[in-house]
Amino acid sequence: MVAEEEPVKYFKDELTPPDFLNKEYLENVLQKAENDKALKITKLDIVPGSRAGDHFASVMFKAIVNYNSKGKTVDGRSLIIKTMPIEDGMKKELLKEMNVFGRETEMYTKVLPEMARIMESIGDTDEMGPRLVYHSTDPVVMIFDDITKYKYEMHTEFFDFDNVIKITKKLAKFHALSYYINDNKYTHKLNITEFESAFNENFFERLKGMFDAFDQLQKEVLNWPGYEKLGEKLSTQKDTLQEKLLPAYKANPEPGFNVLCHGDFHLRNMMFVMNGPNIDKVMFLDYQMCYWGSPAMDLYYILYAISNNDARDRRGEILSIYHQTFCEYLQRLGCLKKPFSLLDLNIEILKRGAMEVMWGICGMPMMCMDLSKLDLESIINAGGAMVDMRQLMFKNETVVEAMKKILPDLLHKGLLD
């Protein structure tokens, strides 16, 4: 007997689209996008845009439309629609405070188009994000082409070293473009240093429930022979980590060692064209948390939200390849400003070590879980789902194997003092 597949779970605020998101609204959007006032939608279906757990910082829908335009019939065009939550609650409040849509709109209407123009000038046809079809601020909406038609798909399992390097090289290119733009801000008339970090005291105060992971991990570590000293160190982290994190997210004083960070650079914020187990193409998504600061942030995501245990063991190679790619792309762009050295990069990574503690202990284990089966709002509110998840994640074999390497490494770097 074949077991029935578990039904796909969606966020409750994505089960029913808002009233404004109707045929008349989308017809007007497509009329503007196609420059055809006579365009008429003949069929419209609106469904949830992605599974629960694949995203949090928006409400997403997928619109499948048939329409007539300029004497042609278009069937089954798929559009991804991002908007703000309608229901009051922590999610709505947090997204408004962090200005995620204002930030992402700036990225898609100014920064990414400028990057595309620069890339085109040197014959680079790579794409940094999906095409923005339409956006508005009242109501808050962003509409994108659905890139699944180009065979892009989600991938939620950590990658091996060779695939991690493909993602790392594209990140290095994104960082290099931002570095070049800042060095030529008067030519490009774009001040990307205005993207300030949303990771402030209020943000961490709201997410302080995440730090309870230290309590649960300490209980588990006490049962691991030879890790008793680490258990003692973990007991102090919950109360001190937030204070250490705040300066870690601040940009270096100009002219400092800064780039435009993606800021939320994990597997669920990118899509891939796969050739069996190997990446052919990668597309970055969700530029809602971008900020001007140390590249350490995105590189820690590479290590703890993208790399499997074997790839993470080769962090020195990953950082070296990132640095080499960064410098080579700047040279290709003709950047006159001298880039930071590999030694500078490694020192910078260590200086921002509080991020590694957070991602190594709080973030990476969570990424190993099936988030579609959890209530993310309850998790972030430190509700019962968070307690249940912590109990599960530190018994997960992959997590335990990783922790037994990560914890001594953090200890020997002095990051648990």
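These legends describe close-up views of one predicted model.

Residues are numbered from 1 along each chain as its sequence is written. In this predicted model, local features need pLDDT of at least 70 and side-chain atom pairs count only at pLDDT 80 or more, while totals for chains, interfaces and linings use all residues; side-chain values use heavy atoms, with hydrogens and water left out.

**View 1. An open sheet of five strands.** The strand order is E1-E2-E3-E5-E4, and the pairing is antiparallel. Strand E1 (40-48) and strand E4 (132-137) are the edges, each pairing on one side only. Neighbouring strands are turned by 20 degrees against each other on average, direction ignored. Strands (E, at least two residues) and helices (H or I, at least four) are DSSP runs, numbered from the N terminus. Two strands pair if DSSP finds at least two bridges between them. Strands of a sheet pair through backbone hydrogen bonds.

**View 2. Strands E4 and E5 and the loop between them.** E4 and strand E5 (residues 140-145) run antiparallel, joined by five bridges. Thr137 stands opposite Val140 in E5. Pro139 is found in the loop between the two strands, E4 and E5. A cis peptide bond joins Asp138 to Pro139, with omega about 0 degrees. Most peptide bonds are trans.

**View 3. Lys70 in the loop between E2 and E3.** This loop holds Lys70. Phi of Lys70 is positive, near 55 degrees, in a residue other than glycine. Most residues other than glycine have a negative phi.

**View 4. Helices H1 and H3 across the strands.** Helix H1 (residues 23-33) lies across E1, strand E2 (59-69), strand E3 (72-83), E4 and E5. H1 runs at about 115 degrees to E1. H3 lies across E3, E4 and E5, at about 40 degrees to E5. Contact means heavy atoms within 4.5 Å. Axes are lines fitted to C-alpha atoms, for helices over the stretch in contact, and angles run from 0 to 180 degrees between N-to-C directions.

**View 5. A salt bridge between Glu104 and Lys82.** The closest N and O atoms of this pair are 2.9 Å apart. Glu104 lies in helix H3 and Lys82 in strand E3, so the pair ties together parts that are 22 residues apart in sequence. The whole structure has 24 salt bridges (a side-chain nitrogen of Lys or Arg within 4 Å of a carboxyl oxygen of Asp or Glu).

**View 6. The hairpin of E7 and E8.** Strand E7 (residues 270-275) and E8 run antiparallel, joined by six bridges. Val273 stands opposite Lys281 in E8. Two residues lie between the strands of the hairpin. Gly276 in the turn has a positive phi of about 65 degrees.

**View 7. The second largest pocket.** About 430 Å³ of space lies in this pocket. Of its 19 lining residues, the closest to the centre are Glu127, Met128, Gly129, Pro130 and Arg131. Helix H3 (100-121) and strand E8 (278-284) are the elements that give two or more residues to the lining. On a 1 Å grid over the protein atoms alone, a pocket is an open set of points where a 1.4 Å probe fits, with protein on both sides within 12 Å along at least five of seven lines; lining residues have an atom within 4 Å of a point. Grid points are joined across faces, edges and corners, and the volume is the space filled by probe spheres set on the points.
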